[in-house]
Amino acid sequence: MTQCVSEQLAEEQAYRISVRGIVQGVGFRPAVWRMATRLGLRGSVGNDGAGVNIVVCGTEAALEQFFTTLKQNPPRLARIDGISREAAPMVAPDSGFKILPSRGGEIRTGVAADAATCPECLREVLDPFSRRYRYPFTNCTQCGPRLSIVQAIPYDRATTTMRDFAMCRDCAAEYENSADRRFHAQPIACHACGPRVWLERSDGAKIAIDSLTTLDATDAVASLIKRGHIVAIKGLGGFQLACDATNEAAVSRLRRDKRRSRKPFALMARDVDVLARYAVASAAEIELLRSPQAPIVILPAGGARKLAASVAPGISTLGFMLPNTPLHHLMLRRLDTPIVLTSGNLSDEPQCIDNAQARECLHGIAEYFLMHDRPIARRVDDSVVRVVAGAPRILRRARGYAPTAITLPPGFKDAPAVLAMGAELKNTFCLLRDQQAVLSHHMGDLADARTLADYRASVAQYLELFDQHPKLVAIDVHPEYLSSKYGIELARDRGLPLEPIQHHHAHVAACLAEHGRPLDAAPVLGIVLDGLGLGGDGNLWGGEFLLADYRNFKRQGTFKPVPLLGGEQAMREPWRNTYAHILAEMGWNRFAMNFAELELFRFLSAKPRSLLDGMLARHVNSPLASSCGRLFDAVAAATGICRERLQYEAQAAIEFEALADPATLADDSPESAYPFAIPMHKALGIPYIEPLAMWQALLGDLLLGTKAGVISARFHKGLADVIARMAEKLAHGPSGQAEFDTIVLTGGVFQNRILFEHTSRLLAARGFHVLAPRAVPAHDGGLALGQATIAAARAAARAAKA
């Protein structure tokens, strides 16, 4: 017998395995324990700052099966970015397999994103015989809070906002049981020991809760919503405001008191069956709604029933999500209609995360508050996704996605640590190190003082949370961006070099990075369409064709530069762009001669034209801008859409897209698309998109009384066509050789589904390989990733020359 055991041991091997990636807070150690125990292996598994370390010993066959299972079937919230193994000393025969306590070290692992309630936990919450029946903070290793509660790593209960909730005996037993799915689930809790929830009135008066429910405070919210009340709810990453989405009076009151006049509200439905009464969801969209990320998904409005008109005025889509925490599941259990569930703040301010702050800021909006006593470590908004051209594309990257690291392409292995500060609008920032880029959760628009303060605090938190010590700070070249100013301040205080990055180049690089294009790959043509960004020549750009790689770019083509009449005012008042375009294309006299019958002519005639013309003549507060975003504003305003003033960013373009006539979009005849020309720009020496013929056709359609939907469709198709023709024109250089075969479509304008799908289809038909953002937003929310990769690539090039 002793000889048999000795022979078996002689055939065994031992390895030390290091696993990097999203491997903490996702049940990785318990999963490893179960794999090893099932295969009869000995050893240990533990966390440190770099990831998960495994020592495993056993027969060669069992070890190979262990390696295969580990790589192919990790926990559903885990993501393995790298596995290394080396020979290790043998493990004693009687030692078994153990889970070791976490230890520190240089932090190189990721923090997991918050995850929606898993099916197993939801079954417990709805089971009257479960000890967690109707407990709104039920979670396990496969779901629940992560980023919204973690304050340091390694990710353990002591480094989260759950540290003050001591586990009861039953929870502790589950936490210590290696076979339990709550083994080392850091936010584990129950009715006996965890956070509690309560309902209060905004005026401080007592609540007769028995008149609302026979269950609990969470269920009482359903009664309040049914009765037309607005309720502030403390969610996962901040407070939310809820009301009945079919009650026009409640929705209108919420708009008025929140000071959000037209921007669409987000919606939550109890389940897909309820959602399907109001919107149309494909199988891919339903999969997104039910995923661990559980984002808001932009869906076509449709179905047998209608929501309140004030939910999403002027557009044909709805932003729906399903419940993502037990609290939301319980709250919606009795609701057969969707609810509005929007951020708990006044318009454009940061979402409230603290109970006292919410009472102070939201008492004029909400009549009731559903509170709880689990602190929120940081504000995390709901993510937003839209399926376009058959692929999910993130429009806002926050809950469920951030701060999951993006693995960088080949060539970035030895890049220095970079802190990239992002843009002014829709800000995110980025940490780059060890071939990983951590893009922060959505911060918002930095012009708001509270958002700016939150941004500065979040940068400091991320640097500490990820133990990041940047060697370089990357900023946008625009010196007045508040993100750039803060980057300059940080670089000065830390004695770090500063790398200014051109705005549109960063857009291209972000897309290249997420698609894994190697550092030394050939340049691509980046077609970047957005509102504004400071160009390489000191002028304002926004409709650019750049031959670019990670290190450099060259402007190959552009949209026609047109004065931005009134500077920033033109970004808020679309009619200014219409007037500037008409003067740039045909002049007022020609416009009056041919189109004086138009209501548009009478509208513009009533504006202070002498003042405006004087500004243009003296070049006062009217900088030239090659902006596609402002072209959309100009055309929408000419058609009568959002002419006077925008209520939210890109409103005119969004409502103009929603109008597009499907029959015209499907029409392949030449007259179904407005014409554009591509002449050479004498001063710039590059071709540009000339919209004169488009304006003549559009104004002619207005004279004929053509429907706005037809005008919208013709504009979208014509613009897609000229973009594709410009790309084809640029594809061959003076020698006749192909300059590029890959095209990147990016920038906020390409979040327009019609424009993107038509343009990408036309480019593919011409033989181009088309890349577009998916994992990061096409707008400025993805800019920091591009800044970080460009700065890292340039630093690596400088180091190679040194």
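At 14% relative accessibility, Cys642 counts as buried, where buried means under 20% relative accessible area, exposed over 50% and partly exposed in between, with a 1.4 Å probe and protein chains only. Cys642 sits in the loop between α20 (628–639) and α21 (651–659); helices (H or I, at least four residues) and strands (E, at least two) are DSSP runs, numbered from the N terminus. Although Cys642 is not a glycine, its phi is positive, about 50 degrees.

Before going further, a word on the model itself. This is a predicted model, in which local features need pLDDT of at least 70 and side-chain atom pairs count only at pLDDT 80 or more, while totals for chains, interfaces and linings use all residues. Residues are numbered from 1 along each chain as its sequence is written, and side-chain values use heavy atoms, with hydrogens and water left out. The chain has a mean pLDDT of 94, with 97% of its residues at 70 or more; pLDDT is the predictor's confidence in each residue, from 0 to 100. Where pLDDT is low, the predicted coordinates should not be read in detail.

At 25% relative accessibility, Asp467 counts as partly exposed. In the loop between β15 (391–396) and β16 (406–407) we find Pro403, and the peptide bond leading from Ala402 to Pro403 is cis, with omega near 5 degrees.

Now for a helix and its surroundings. Nine of the 10 residues of helix α6 (residues 217–226) are buried, so α6 is largely enclosed by the rest of the structure. Among these buried residues are Asp219, Val221 and Leu224. The elements they pack against include β6 (197–201), β7 (231–234) and α10 (326–332). After α6 comes Gly228, with a positive phi near 90 degrees. Another buried position is Ser483, at 0% relative accessibility, which lies in helix α13 (residues 482–494). Beyond its neighbours within four places in sequence, Ser483 contacts several residues, including Met421, Glu424, Asn427 and Tyr455.

Two helix pairs round out the tour. Helix α2 (residues 28–38) and helix α3 (residues 60–72) pack at about 150 degrees with their axes 10 Å apart; axes are lines fitted to C-alpha atoms, for helices over the stretch in contact, and angles run from 0 to 180 degrees between N-to-C directions. That makes α2 roughly antiparallel to α3, since angles under 35 degrees count as roughly parallel, over 145 as roughly antiparallel, 65 to 115 as roughly perpendicular and the rest as oblique. On the α2 side, Phe28, Val32, Met35, Ala36 and Arg38 meet Phe66, Thr69 and Leu70 of α3.

The axes of helix α14 (residues 503–514) and helix α26 (residues 783–801) come within 7 Å and cross at roughly 90 degrees, and α14 and α26 are therefore roughly perpendicular to each other. Among the residues making this contact are His503, His507 and Ala510 of α14, together with Leu783, Gln787 and Arg794 of α26.

Conventions
Contact means heavy atoms within 4.5 Å.
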